[in-house]
Amino acid sequence: MKIDDVEAELNDLNKYPDVTSLKQAGSSILTTEDKRKRKRATIIKSILRRLAEEQSIMALGT
């Protein structure tokens with residue numbers, strides 16, 4: 001899934017109406033420090049940054 005698609009998905013207020021649901025969606029990739037943040041935009045940026053890092057690492061392996 002492309003980063004733009006993930007961003008659109010996370011910005012969908014019907015699926016993720018509050019910050020808690022965003023944190024649950026990104027619980028496997030967010031660090032403890034990222035989970036303490038309270039702003040929606042900051043959490044989304046953290047999730048996208050971690051996904052981009054993981055995608056770049058996977059690209060190096062192929």
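View 1. Asp34, at 4% relative accessibility, counts as buried. The side chains of these two residues, Arg49 and Asp34, form a salt bridge at 3.6 Å, N to O, the term being used for a side-chain nitrogen of Lys or Arg within 4 Å of a carboxyl oxygen of Asp or Glu. This pair links distant parts of the chain, since Arg49 lies in helix 4 (residues 40-61) and Asp34 in helix 3 (residues 32-35), 15 residues apart; helices here are DSSP runs (H or I, at least four residues), numbered from the N terminus.

The model is predicted, so local features need pLDDT of at least 70 and side-chain atom pairs count only at pLDDT 80 or more, whereas totals for chains, interfaces and linings use all residues. Residues are numbered from 1 along each chain as its sequence is written, and side-chain values use heavy atoms, with hydrogens and water left out.

**View 2. Glu53 and Arg50 within helix 4.** The side chains of Glu53 and Arg50 meet in a salt bridge of 3.5 Å, N to O, and the two residues are three residues apart, about one turn of the helix. Glu53 is partly exposed at 35%, as is Arg50 at 24%. A network of salt bridges links Asp34, Lys37, Arg49, Arg50 and Glu53.

**View 3. The salt bridge of Lys15 and Glu9.** Here the distance from N to O is 2.8 Å. Lys15 is partly exposed, with a relative accessible area of 47%, and Glu9 is partly exposed, with 27%.

Note on methods. Buried < 20%, exposed > 50% of the residue type's maximum accessible area, 1.4 Å probe, protein only.
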